[in-house]
Amino acid sequence: MLRTTLEVSIALSFFLGVLFLCYVLVLIRNFRGVRPEAPGDPSEFSWHFVVPCRDEEAVIDGTLEYLTRHFPRAHVWVVDDHSTDNTASIISSWAGSSGQVHLVARRLPDARTGKGDALNYAYSRIREWMGPHADLSRAILCIVDADGRPAPNMLEVCAGPGLFGDPQIGAVQAEVRMFNRDVREPFPGEGPVTNTFARMLARMQDLEFRGPISAMQVTRRLTGTVNVGGNGQLNRFSALEILAASTGKPWGNALLEDFELGLRMLLSGWKTAYTVDTWVDQEALWKLRPLLTQRTRWAQGSMQCVRYLPLVWRSPHFKTAGFVEVLYFMCQPWLQVLGSLVYAVPISVFAYHAAVYPDFMTDFLQNGGAFLIVLYGIVGIGEFAIWGPVYRKRSEPQTTRRAALGYGLSLALYTLTTYVVAWRAFARLISGKGSWAKTKRNASAPQTANALESA
C-alpha cells in the first residue's frame, strides 16, 4: 500500500509534467516556423503614440527625444497622471516647442485610478482632436511605456498587408525585449552576489518575453487569440471606437487592462495579430520585490477576466481551439495555486515515508523508485531548460552553449516565482484588494540611463 501510494503520487506529477512538455514542444515547433512579415507603407496611416506617465522624470525626456527622432510623422501624446516630480514640466517644454508632442494632464481626484483610465482619457482627447470626419480605419494608436523604445521599423512592419494592411486586424502586438539585459554591474559597489542576481533576473525577463511568451503569441495566431500587452500594443481607432460605443470607453477596469481590451476586441469580431519582426524595448527589473508586485498585478488581472469565459464560449468569433487557449491563459494562476498543492503531494509523501519507514524507502529506491524520481526531475526541469538553447539560436546567437544551458536551468528556478505570485494574487482577490500599484523603476541608476541610450 505504501509503495503504491508513493508510485501513484510520483506518476501523477510525472504525467502532468509530460503533458506540459508536449505543449512546450508544440510552442517551439510553431516558433521555429515563423515567416517574416512583408512591410507596408506607413504614410497610408496616421500614427499616435500614447505614453502613460506617473513620476517619470528620470526617463521621459529621453523617450520623447527618441520617439520624435525616429517617428517624425507620428504624434506623441503623453499622459501625466498627476506626477509629483518634474515629469509634467518636461512634457510641457516639449509640447511648447514641438507640434508633434502633446501633454494630456490628469489631476486628482480623477487621476491615479489605473492605467486603463489614463488610456481612456487619452483616447477621448485624441478622438476630440481628430474631429468628426477623421478616417478612423487609417488611424493607429500605439501604447509605449515611459521608458519604451519601439524599434525604428515598427511603423513599416505594422503597416504591412498581414497586419494593419488587413482591414480585419484591430490590434497588433510587437515582441517585447529588455534593453538592460546586458548591463554587467546593475548596482556598483553592492558586491558580486547582488549584481549577479540582478543581472540574471534581467536576463530571465528577456528570455521569458522573447522565448516562451513570444512562442505562445505565435501559436495564438493559429487559434485566433493573440493577446495584446501593455507596451508595444497598437490599436486601430475604428476598433477602439466600437468598443467605446458598447461600454463608453475602450479599456475596462481589470488590473490586466491590456488583455481585457484584446479579449473585448475579439468578442466584437476584430482580429488581433502578433509580430516578431518589430519590437519594443523596455526595462527589466533588477530586484525581486518589484517583480513580484508587477506579476501579482498581472495574475490578479487574469483572474478577474474569468468573468468573460461564458461570453467567449458563446461567441461565434471563437473556435474551439481558441476557447481552450483563452481558458488555459485565464486559468493559469488558478492552476498554479492548484499545482503548488499537487506537486507538493509526492514530495510530502516521499519525505514522510523516508522519515517513518527508512527500510521501505531504501527498497523502493533500489527497485525502480530512484529511476522514477530522476525521470520526474528531468521532465520537470527540461520543460524549462529547453528555452535556453532556443533563446540562443533565435535571439542571442553570440551566447555560448554553456551560458544558454545555464539560462535554461535558471529559468526553471525563475519559474518558481509564478507560484508565489499566484498565491499572492489569489489572496488579494479573495480579500477584495484591487488597487493598482506603480512598478518602481531602476532608472535612477546611471547603468540604466546608459542602457536606454544604447537601446
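Student: Which residue just after H4 takes a positive phi?
Tutor: Gly131 does, with a phi of about 90°. Keep in mind that this is a predicted model.
Student: OK, back up a bit. How many residues does H4 have?
Tutor: H4 has 16 residues, 115–130. From its first C-alpha to its last it reaches 22 Å, close to the 22 Å expected at 1.5 Å a residue.
Student: Which residues of H4 are buried?
Tutor: Among them are Ala118, Leu119, Ala122, Tyr123, Ile126 and Met130. Lys115 and Arg127 are on the buried list too.
Student: And what do the buried residues of H4 pack against?
Tutor: Strands and helices. The strands are E1 (46–53), E2 (75–81), E3 (101–106) and E4 (139–143). The helices are H7 (237–247) and H8 (257–267).
Student: Switching to aromatics. How many aromatic pairs are there?
Tutor: The count comes to 14. One of them is Phe20 with Phe384, a tilted pair. Their centres are 5.8 Å apart, with 40° between the planes.
Student: Where do Phe20 and Phe384 sit in the chain?
Tutor: Phe20 is in helix H1 (residues 2–32), and Phe384 is in helix H13 (residues 358–385). They are 364 residues apart, so the pair links distant parts of the chain. Phe384 is buried, with a relative accessible area of 17%. Phe20 counts as partly exposed at 26%.
Student: What about Trp77 and Trp129, what kind of pair do they form?
Tutor: An edge-to-face one, 5.4 Å centre to centre and 75° between the planes. Trp77 lies in strand E2 and Trp129 in helix H4, so the pair ties together parts that are 52 residues apart in sequence.
Student: Is Trp77 buried or exposed?
Tutor: Trp77 is buried, at 2% relative accessibility. Trp129 counts as partly exposed, at 43%.
Student: What sits over the ring of Phe45?
Tutor: The charged end of Arg138, 4.9 Å from the ring centre. Elsewhere, Arg177 lies over the face of Trp279, at 3.8 Å from the ring centre.
Student: Last topic, Thr68. Which helix is Thr68 in?
Tutor: Helix H2, residues 60–70. Thr68 is buried, with a relative accessible area of 15%.
Student: What does the side chain of Thr68 reach?
Tutor: The backbone oxygen of Leu64, at 2.7 Å. Not counting residues up to four places away in sequence, Thr68 touches Trp94, Gln100 and Val101.

Conventions. Residues numbered from 1 in each chain as written. Predicted model: local features only at pLDDT ≥ 70, side-chain atom pairs only at ≥ 80, totals over all residues. Heavy atoms only, no water. Helix = DSSP H or I, 4+ residues; strand = E, 2+ residues; numbered from the N terminus. Expected span 1.5 Å × (residues − 1). Buried < 20%, exposed > 50% of the residue type's maximum accessible area, 1.4 Å probe, protein only. Contact = heavy atoms within 4.5 Å. Polar contact = N/O pair within 3.5 Å; in protein donor to acceptor, adjacent residues only side chain to side chain. Phe/Tyr/Trp six-rings, centres within 6.5 Å; stacked < 30°, edge-to-face > 60°. Lys NZ or Arg CZ within 6 Å of the ring centre and 35° of its normal.
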